[in-house]
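Visitor: I am new to this structure. Could you take me through one part of it closely, and then show me what lies elsewhere?

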Amino acid sequence: MTRIIRYYLRFALATLCILLAQTSMAGTPVIELRIKDHLFFPETLEIPADTKVKLLVINEDPTPEEFESYELNREKVIPGNRKTVIFIGPLPQGEYPFFGEFYPKTAQGKVVVTP
Amino acid sequence: MFLNSVVLILQEILEAALLVSVLMVFSRLDERRPYWLLTALSAGFAGSLLLSLNMANVSEWFDYVGQEVVNASMQYAITLLLALFAFSMSGDRSPGRQRLVTICMVASVAFSLTRESAEVFIYIEGVLSQPSHLQPTLTGAGIGAGIGISVGILLYYSLFWLPRCWITSCCLLLLALIAGNMSSQATLLLTQADWLPPTAILWDSGHWLPENSIPGHLLYALVGYEATPSVLQGVAYAAGIILVALMGWLGSRQRHLKRQPLLADRKED
Amino acid sequence: MSSIRLFLIASILAILTLFNFVAALQGYQASLREAEQLFDNQLYQTAKLIANLHTEQIQTPPSPQNNLAYQVWHNNQLIATSAPSLRQPIIELLPGFDHANFNGYRWRTLVFYDDNHNNWIIVAERSDLRYMLAESVITQAVLPILLGIPLAGLLIWLIVSRGLKPLRDLSEQLKNKQANDLTPIAIPDLKSELKQVNHSINALMRRLGSALDREKRFTADAAHELRTPISALKVQLHNLREEVPQGNEAFAQLEAGVERMQHLVEQLLSLYRSTPEEFSHQMTRLNLYELAQEVIANQHHDFEKCNQLLELEGDNCFVEGDPFALTTLLQNLLSNANKYTPPGGQIRVTTEAVGGHICLKVEDSGPGISPTDYSKVFERFQRLSHIKDVAAVQGCGLGLTIVKHIADLHNARTSIAPSSFDTGTAFIILFPRTPDSHD
C-alpha cells in the first residue's frame, strides 16, 4: 500500500517539476508598462494571440497602485517606486481593458490581442 | 475616488464578514463566548499591518511574485483550516477537539483579515498623501464598510431563522463555498505568478452578469463569482467544497461510531 | 447569551444602513452620469465656440486655465493651439468623444468637424479635474446619509430600550420577590403583549399559594388529630407495663416508637404554629440569658445522661419576642446539640450584644457540618447523611426548620459557622437590638 502511494507521490512530483520547468523555461515575451502620474504608458499594449506574456509593470509614482482587470482576471498591488511582474495570457483575439484600482479615473489602459 | 473606495472596501469587508458571521453562528450554537473573535481580529489587524508595511519587499520575493505566493498560501491555509474546522466541530466534544475548533476559527479569520485589510491599508496610505481625495475616499470607505457589516449582521441573524436542524448544515455549506472560493482565488494567483500553468476558460458570463457591476461585486465577494474562470480554478473551487464537505462528514461519522459502543455499554448495565 | 435588545438594535440598524447606503450609491452613480453628460455638453459648446471664432482671435489662448486644451487643424495643418508645445494631434481625427493621455494627464477629448471652414477642432478637458468637481458636489449630498447613521443608531437604541422597559420591569419584580412572597405582581400601565404573561404568573402564584396553604393545614390537622390517639396509646402502654416482664425488648421498642411519634407530632404542630400566618403576636421584652438558664435547667438531665458538659456564658440581653416561641427555639437548638454531640462532648450557649445585634450562639463539639451543606440544614426533614449512625440519632428533621421559622418571625438572622471547639458547629441567631437591650 505505502509503496503504491510512494510511487504515485514520486510521479506527481516529477509531473509538477516538468510543468514548472515548462512554464518558466519557455521564452516568454516581456512587455513593459509604466505608471506615471496615475497614468499608464503606453495606454495600449499589443500582444500576439495565444501567447503567454510577462508584463513588467514599473510604478514611477510614489503612491501605490493596483493593476486590475476583470477581463484578464488579474489583480496586483504595485507599491510606490517599485516594479513587479504579472503574467497574462495566452489569450484569444480581442480587447481587454485594465485600470488602476486606486486611481481608476485616470489610470486606464487596454491590452489588444492581435493575431 | 468615492465609488472606487466603496467597491474596494465593500469587497474586502464582505469577504471577511461572511466568514465571521458563519463562524459566529457556530460559536453561538456551541455556547462559546465570543472572545475568540477579539483574538482573531487583533491578530488579523496586526498581521495586515505587518504585511502592508512590508509589501514593497514582499512583492519582490520569488522573482517579483512574492505577493501572489504569500496571498495564495494564506488562502490555501484558510481552505485547510475550514476543512479542519468542519471535521473537529462535527466530532465529539472532548477538550482537545474544542481547542482545535478555537484554533481553526481564530487562525482562519486572522488570515482572512490579514489578506483583506492589507490591501485596504495600502490603499488608504496612498490616499492620505493626497488630501484632495481624502473626503470622497473616506465617505466611500464608510459607505462600503456600512454595507459590508450590515450584510454580515443580517446574515448572522437570518441563519437563526432557519429551522434548528438546518442551521448547522447551512453553515457548513457556506463554509464549503468560502473554502472553494479561497482555493479558486489562490489558484488564480498562482497562475498569475506563473507557478501554475494557464488553462482554458471554463465559461464566459460577462455579458449576462459583468463582474464590474454591483451584483457582480457582491457575488464575487460572497461566492467568488468570476465571469471568465479558468478550468484549473473550477477544479480548485470544487476541490475546496468537496474537502470541507468530506471532512464534515468524516467528523460526524466518527462521532456516531464513538457513540454506538457507549449505547451498547449502557444496555449491558 | 442572546439578547432581544441587541438583536433589535443590530438588525434594524443593519437594514437601515443597507437600504440607505445602497440608495446613496445608486444616487451617486446616477448623478455622476448626469454630470458627465453636462460636462460633455459644455465641451461641445466650447468646440462650437472655437469653430466660430476667427483664426486671429484664437491665436491667443482664450483663458489662462490649463484644464482646457484645443487644436484647430485645417488640411493637416495646425492653425491654432492652446499651448505652443501641443504640435502633434492630440488624438486621431475621428469625430466624437474619447479619452487621451498627454502632458501627464488624462483628458476627455472631443473631435468636431466644422463644415463651414473645413476645420477639425479638437477640444480636451482634464478628466481628473472635472471628475473631482462632480464628485465633490455629489459626495456632499451623500455625506449626511453616512453621518446620519450614528444618530439613527442612538435613537433606535433609546426607542428599543424604552420599548423593552415593561419586560425589564417585570423581570425585575420577579427577581426581587422573596421566596415565600406569593402576592400577585402589579405593574402599572401594562402593555397588551405582557398582559397574558402577567396574568399567567399571577394565576400560578395564586394556585401555588392555595396549594401551600392546603398542605400546611393538612399537616396541622393531621398532627392535631393524631395527638388524642397517641395520648391514649401512652396510657395503654403505661397500664401494660405492669403486666410485661422487665427488660422485654419488644415492649421497650414499642415505647420508644410511641415516644418518637409523639415528638414528631408535637414538632409538626410547633412548625405550623411558627408560620407567619399562625403566629400570634405576643411580643414582650424578655431576657434571653434568663430564658436560656430556664431551658437549660429543664433539659439538663438529657446532657447528664450523655455525660456532656453544658455551659452558659454571657450577660443579660434583652430582646423583643414571644416567650413561648423563643423557648421552643432554644429547646430545639439544645436538643439538636445534644443529639449530634458524642458522649463526653462539650456544648456552650452564649448570649451577648455584638454591634447592633443580640447574638445567641449554641456551639457543640460534634462532628460538624461541611460548609457546602450549610444551606440545606434549615430545610424540612433534612438529616445530613455524612453524620455517622444517623439512624441511631432520634429526630424527625424538623427542629432546625422550626428554629429558622421562629427566628424569621423575630426578624432575626440565622447562620452556621464552625464552632470554637476543635470540631463541631455553631448555630448563631442574631436578633435586632432593641433600645437598651443590654443592661
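Guide: Let us start with a pair of strands. In chain A, strand β4 (residues 53-59) runs antiparallel to β7(A), and the two are joined over six bridges. One position shows the pairing: Val57(A) stands opposite Thr84(A), which belongs to β7(A). Keep in mind that this is a predicted model.

Stay with β7(A). The strand covers residues 83-88 of chain A. Five of its six residues are buried, so the strand is largely enclosed by the rest of the structure. Buried here means under 20% relative accessible area. In a regular strand, side chains alternate between the two faces of the sheet.

Together the two chains bury about 2,200 Å². Of that area, 79% lies on carbon and sulfur atoms. Two residue pairs are in polar contact between chain B and chain C, both at pLDDT 80 or more.

Last, look along chain C itself. Chain C is divided into domain 1 (4-159), domain 2 (192-273) and domain 3 (284-432). The centres of domain 1 and domain 3 of chain C, taken over C-alpha atoms, are separated by 94 Å.

How values were computed:
Residues numbered from 1 in each chain as written. Chains lettered and ligands numbered in written order. Predicted model: local features only at pLDDT ≥ 70, side-chain atom pairs only at ≥ 80, totals over all residues. Heavy atoms only, no water. Buried < 20%, exposed > 50% of the residue type's maximum accessible area, 1.4 Å probe, protein only. Helix = DSSP H or I, 4+ residues; strand = E, 2+ residues; numbered from the N terminus. Pairing = 2+ DSSP bridges. Domains from an automatic or database assignment. Buried area = accessible area lost by both parts, 1.4 Å probe. Polar contact = N/O pair within 3.5 Å; in protein donor to acceptor, adjacent residues only side chain to side chain.
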